[in-house]
Amino acid sequence: MANDVSNLIVYHEIFSCEKVYEPEKAWMDIQTHDYFEISMVIAGNGINCVLDQAIPCKVGDIFITPSNIPHRFFLENEIETLTVRQLRFFPDKDDSVSEKLRYCNGLFKDGSVTAYAMLNKSMFEKIRSLFDTIEKEISEKRQSWQNAVSSNLLLMLIDVERYIDSSIKNISSVSPKEWSVVLTAIEIIKNNCSNADLTLGSISETIGISKAHMSRIFQELTGKRFTEYLRSVRIEYSCRLLRESELTIEEIVKECGLRDLPSFYKNFNSHMGMTPNEYRQSTKLTHGKTNKNSNIFKGEKIMVLLCDISENLQKGKAKIVKELVQQAINEGADPNQILNDGLLAGMSVIGEKFKNNEIYVPEVLVAARAMNMGAQILKPYLAANGVVATGKVCIGTVQGDLHDIGKNLVKMMMEGKGLEVVDLGTDVSPEMFVQTAIEQNCQVICCSALLTTTMGVMEEVVKAAEAAGIRDKVKIMVGGAPVSQEYCDEIGADCYTVDAASAADAAVEFCK
Ligand code: B1M
């Protein structure tokens with residue numbers, strides 16, 4: 001039995017909730033983790049906030065929450081109490097099994113099951129084998145609990161702590177087997193650092209261990225995060241190339257498996273205390289390719305600034321981002337470059353980390369705020385010169401979708417082209433788009449969507465415009481990460497553009 005448990009890495013905790021649920025602020029507190037949890041309410045009652053749903057919970061309720069769902073338990077009010085018993089499982093390597101093999105388990109509440117969790121098959125089997133045995137052992141003693149919830153999982157939760165004994169690995173101690181895993185990873189990094197596709201995910205897959213597990217033991221053993229370590233190996237390699245080769249900086253960046261010039265400049269600077277060109281000159285082994293022209297250093301300064309923008313955006317430091325954007329403009333950086341290589345580069349790192357559960361909703365939100373504030377500074381500089389276009393459009397993020405950064409950029413670019421833009425915000429219903437277009441005489445309706453689950457609303461906007469009899473008077477533009485030209489054609493919208501600048505150009509054409 002104990003063997004079964006030790007194959008999973010399990011945390012067990014009983015905690016009392018302290019935070020009172022505040023609908024307006026809950027999103028700031030909910031978090032995603034890299035483990036999945038089975039939680040049982042063992043005393044009191046309260047709220048389990050899962051994504052944007054506030055689910056009332058009481059003694060005996062069980063929630064299974066997978067690793068990528070932001071959630072948190074709250075008190076309903078100050079006088080209530082809520083105590084939760086929680087098991088956390090780190091998905092083992094079998095977590096990489098295909099979606100098809102995943103079993104859907106769920107939230108067991110009053111006998112009903114609402115799916116929230118995707119457990120993989122092997123994990124499910126292990127859990128099941130556990131509670132079968134436990135159920136047999138304790139069914140007589142725990143009659144009252146059985147009455148509370150008719151779920152075998154409950155039985156597992158009640159006494160599973162007995163099986164989590166000292167023989168089971170402590171989460172913070174790393175076994176010899178894990179040592180060898182990390183050493184293998186280091187070997188792979190050193191031998192393949194010029195491969196741009198080398199990531200925590202690819203190495204974990206090669207070794208056959210989950211990404212979350214690799215990330216944890218790597219940091220525990222090396223004292224460095226995986227990405228930090230990989231970066232330092234690449235910088236060391238770039239130093240060698242700067243010293244010994246005639247490659248240009250761009251070529252070196254590529255050769256070192258790096259894609260992004262600004263962050264190379266920035267990282268190089270913080271590792272070596274000088275810019276790559278300065279380093280090359282200082283080694284006196286340059287081969288005539290290095291130009292002492294101060295423009296190189298000016299360019300390097302801008303690169304470092306762009307990287308600072310990206311990094312501070314990732315940390316959510318909105319005020320600093322604003323200042324840095326202004327500084328980059330003063331240094332003569334191209335506003336589009338500031339947008340793409342500074343702000344959007346930072347946002348794309350945030351997106352990647354968010355996807356990999358390295359950061360959670362609150363971090364993404366503060367980064368989004370910094371992005372919006374930086375973009376505000378850029379706004380007048382992004383506006384096209386000598387703008388004469390006129391016309392009126394309405395724009396919004398479709399119903400069910402709260403992402404507004406892309407929509408705000410599109411709005412900004414359109415205003416830069418001289419168009420009047422009615423901003424409907426986020427979570428906009430098809431009716432609201434159409435009603436606004438009618439009441440405000442808009443020539444174009446612009447719909448943005450970032451979720452695959454909400455892009456379908458765009459089709460409803462097209463249908464609502466048809467039903468209202470304005471389809472021939474108004475153009476419908478669609479965009480956002482999951483949207484494509486194919487989808488635009490399929491739903492009968494008029495135009496899809498991939499980014500904000502081309503959206504503005506297209507809207508100007510429609511308004512002519
Ligand atoms: Co969320 N989110 N998010 N998120 N979020 C994504 C979109 C996601 C890809 C992250 C991931 O898991 N990898 C994923 C969607 C998966 C999918 O459906 N395919 C996701 C998810 C799942 C969620 C939640 C459901 C759950 C969660 O928390 N895990 C939840 C949903 C809430 C809701 O909307 N109901 C959620 C919540 C949030 C935050 C609130 C935390 C925050 C939004 C804050 C805000 O917008 N104020 C957030 C963010 C910031 C992101 C990521 C990290 C960044 C999105 C962004 O702003 N990109 C995103 C991951 C990613 O994209 N890598 C992610 C920068 C922006 C400039 O790009 O909007 O694409 P974009 O705009 C582009 C183009 O698409 C185009 O122009 C812009 C560039 O010039 N464009 C148009 C946009 N609209 C256009 C309209 C046009 C033309 C072009 O014509 C009309």
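**What surrounds the ligand**

The model is a predicted one, and the ligand in it sits among 36 surrounding residues, with Leu402, His403, Asp404, Ser448 and Thr452 the closest.

As for where the shell comes from, domain 3 (298-385) and domain 4 (392-511) each contribute residues, so the ligand ends up lying between the two.

The cobalt atom of the ligand picks up a single donor from the protein, namely NE2 of His403, at 2.3 Å. His403 itself is found in the loop that runs between strand S9 (392-397) and helix H17 (405-416). A polar side-chain atom of His403 also lies 2.8 Å from a nitrogen atom of the ligand.

A polar backbone atom of Leu402 is 2.6 Å from an oxygen atom of the ligand, and for Ala500 a backbone N or O atom is placed 3.0 Å from an oxygen atom of the ligand. Looking at whole elements, those giving two or more residues to the shell are helix H15 (335-355), helix H16 (361-382), H17, strand S11 (444-448), strand S12 (475-479) and helix H21 (500-511). Of the shell around the ligand, H15 supplies the largest share, with five residues.

Conventions: Residues numbered from 1 in each chain as written. Predicted model: local features only at pLDDT ≥ 70, side-chain atom pairs only at ≥ 80, totals over all residues. Heavy atoms only, no water. Donors = N, O, S within 2.8 Å, 3.2 Å for Na, K, Ca; no water. Helix = DSSP H or I, 4+ residues; strand = E, 2+ residues; numbered from the N terminus. Near = heavy atom within 4 Å. Polar contact = N/O pair within 3.5 Å; in protein donor to acceptor, adjacent residues only side chain to side chain. Domains from an automatic or database assignment.
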